[in-house]
Amino acid sequence: MKLFLIRHPKPDVEKGLCYGDMDVPLAAGWEDGADALVKSLSLDFSDTSNVCYHSPLSRAAQLGEYVSGGYSQPVSALKELDFGDWEGRCWQDISKQEIDAWMKDIVNGAPYNGESLQVVADRVWCWWLSIKDEPMQNCVLVAHSGVIKVLVSLLCQWPLAQAHRIDVGFTSLTEFMVQGNYVTLKRLGAGDWVTV
């Protein structure tokens, strides 16, 4: 099976805004990148061997529906990390002490009264294990930066504490080949599918 992890397009938010689990709209023109992505994937989702799942947050849901031609399924486990008290605040307005407290234990800490990275990893991994053996040729997940970084780390058996070092841009594509428990990373955070 090919597994594609796609990050949602750029949202229409103030630069530097913390918007993990917060629902925010997409910036105008997002369909341009989505069209290039659809062309690159070239998958027919009316064929049940091709499956698409998306986070229920609108910025991912819109792309999931667009890419799949309306066949994408919402999955709560694919929602972005909930930043609790930090949601809707600009990162520059969050005290250095609060951020430092989080960085001391980035996997288990949640000084913002939201989810820890481990909680996100547990929910994403539990869901992945529940569907990974279904008969699919292509599985597309449209989600968020945090979810993708966590899933890449888990699939590659990389330390979760280093997941923040993975760079996945807006509308980027990460691709795996999955054969049972054997997983190969083919592309990470790629934008090379965009046609010029």
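Predicted model: local features only at pLDDT ≥ 70, side-chain atom pairs only at ≥ 80, totals over all residues.
Student: How many salt bridges does a search of the whole structure find?
Tutor: The search finds five salt bridges.

Student: Which residue forms a salt bridge with D21?
Tutor: The partner of D21 is K79, and the closest N and O atoms of this pair are 3.4 Å apart.

Student: Where do D21 and K79 lie, and what does the pair tie together?
Tutor: D21 belongs to the loop between β1 (2–7) and α1 (30–41), while K79 belongs to the loop between β3 (73–74) and α3 (96–104), so the pair ties together parts that are 58 residues apart in sequence.

Student: What is the relative accessibility of D21?
Tutor: The value for D21 is 23%, which counts as partly exposed. K79 is also partly exposed, its relative accessible area being 24%.

Student: Turning to E115, which side chain does it meet in a salt bridge?
Tutor: The side chain of E115 meets that of R123, with an N to O distance of 2.9 Å.

Student: Is E115 buried or exposed?
Tutor: E115 is buried, because its relative accessible area is 18% and the cut-off for buried is under 20%.

Student: What about D133: which residue is its salt-bridge partner?
Tutor: D133 forms a salt bridge with K132, and the closest N and O atoms are 3.2 Å apart.

Student: Is D133 buried or exposed?
Tutor: D133 is exposed, with a relative accessible area of 59%.

Student: And K132, buried or exposed?
Tutor: K132 counts as buried, at 15% relative accessibility.

Definitions and conventions: Residues numbered from 1 in each chain as written. Heavy atoms only, no water. Salt bridge = Lys/Arg side-chain N within 4 Å of Asp/Glu carboxyl O. Helix = DSSP H or I, 4+ residues; strand = E, 2+ residues; numbered from the N terminus. Buried < 20%, exposed > 50% of the residue type's maximum accessible area, 1.4 Å probe, protein only.
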